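Trainee: Before I use the labels on this entry, I would like to know what stands behind them.
Mentor: Then ask about them in turn.

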Amino acid sequence: MLPKKLGVLCLQGSFAEHLQCCVDLGLETVEVRDIESLQSVSHLIIPGGESTTMLKLLKAYGMWEVLEGRMKEARDLKIFGTCAGAILCSYLGLDVEVNRNGFGAQQASMIVALESEKFKNLQGTFIRAPRFTNCGKNVETLATLNGEAVLIEQDNFLAASFHPELLDETRVHAYFFNQS
Amino acid sequence: MTEQNSFRLKAGLAQMLKGGVIMDVMNVEQAKIAEAAGAVAVMALERIPSRIRAEGGVARMSDPDMIQEIKKAVSIPVMAKARIGHFVEAQIIEACDIDYIDESEVLTPADDEAHIDKHPFSLPFVCGCRNLGEALRRINEGAAMIRTKGEAGTGNIVEAVRHWSHLQRDIESLTASNLDEKAEEYRVPVELVKEVFEAGRLQVVNFAAGGIATPADAALMMQLGVDGVFVGSGIFDSENPQLMAEAVVKATMNYDKPEVLREVSRGLGEAMKGQEIESLEVKYADRESGA
């Protein structure tokens, strides 16, 4: 096992906001921008942004192959994905169907209270957010919006369709890094 | 309970675009090329700035059909341009249910005294600036994202650099004791100036635009400190748009790695031809209404 080490994928999107959440929690964090830094971490946050852009860049620089190997074969990496990051989780083995922009275009974007046992008074910022549909049977739901799963967990995956990083909400980050 | 169309949601979408390239596209085919190349958003417009320059005439909002066809064709955010002060064009764009409005000096201004009051709109706006005063006036009017103007359609980076440098000098010249004076000079509430002073940067996402024609241009602006880049004519006026689009995206990500920049700059064919700023009949960047 690798020593516990947290990284944020810093190719595109809201990575600075995620890094700030990690600083607020007092966690030492690696900026993951290449294969070497990707291989050095045990926990990886994939930020919000544009999933097509991130996927394109990950593939162009051989990082996607490393991610697939570590998630599907070695199983030695844990990922927390928000919004676009959650979409990438679904490509890496998280057992959920994702409807991209399922919550609608920008005018449907919202900040709203969520239902959650684990995180009291959790709020979610949804920006052109994806919808989780057909969660697999091993997927656990940690928060819902009107009964619909918006924060889910399965094996080495934690995925949110919203952006905790935009509201300085650090409890989900702390849960991700500390639970295991 | 549900918060919608608030400033932080408008600014939040721009936060998701950081580190990315927004490309001007004139049809569905180009929009798909841009998306496949890794653009974080596309700007739908009928004529890219270099053509507006060449053809002249009044440049207006694009046909809603064209905007909505592009919206249907891609999954990334879609932006469209309204003329400065033309709030009805902005209303029409908003009714197209796309993602962002650019109140743009590249189009012919509709009001030479005032920009659009952007607060009542549910869609976020991006606006251009040449300096801190202009940026803060736009933010005060409701802009949720700023781009330095540069000089669109020229393929000449010099104005983009000039405007970014000017903005940085203005920010550096703020001190705890001159905020009121600066607020008066810029004609904005002092709170806005104070936010910039405390953060050492604009309070919203700040891209560069106007004249970026090569991967090296994009990386130059990124090294100078912008959050991302708009590439207008630089992609679809080049010899091989697909190659150029991919190269600019890679250069924007790897802006501080010269070896990667060398690789992505190879064999791209001709970049857009470009123009000297002195030879221009119209400088779009000078268009600020009410200034």
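This is a predicted model: local features need pLDDT of at least 70, side-chain atom pairs count only at pLDDT 80 or more; totals for chains, interfaces and linings use all residues.

Mentor: Residues are numbered from 1 along each chain, chains are lettered from A and ligands numbered from 1 in the order written, and side-chain values use heavy atoms, without hydrogens and water.

Trainee: Why is Gly104(A) called partly exposed?
Mentor: Buried means under 20% relative accessible area and exposed over 50%, with partly exposed in between (1.4 Å probe, protein chains only). Gly104(A) has 23%, so it counts as partly exposed.

Trainee: What does Gly104(A) touch, beyond residues up to four places away in sequence?
Mentor: Arg128(A) and Ala129(A), where contact means heavy atoms within 4.5 Å. The C-alpha atoms of Gly104(A) and Arg128(A) are separated by 5.7 Å, although the two are 24 residues apart along the chain.

Trainee: What makes β7 of chain A and β1 of chain B edge strands?
Mentor: The open sheet runs β7(A)-β6(A)-β1(B), with antiparallel pairing. β7 (123-126) of chain A and β1 (3-4) of chain B each have a single partner strand, so one side of each lacks a neighbour in the sheet. Strands are DSSP runs of E, at least two residues, numbered from the N terminus.

Trainee: How do you know that β6(A) and β7(A) pair?
Mentor: Pairing requires at least two DSSP bridges between two strands. β6(A) and β7(A) have 4, in the antiparallel sense.
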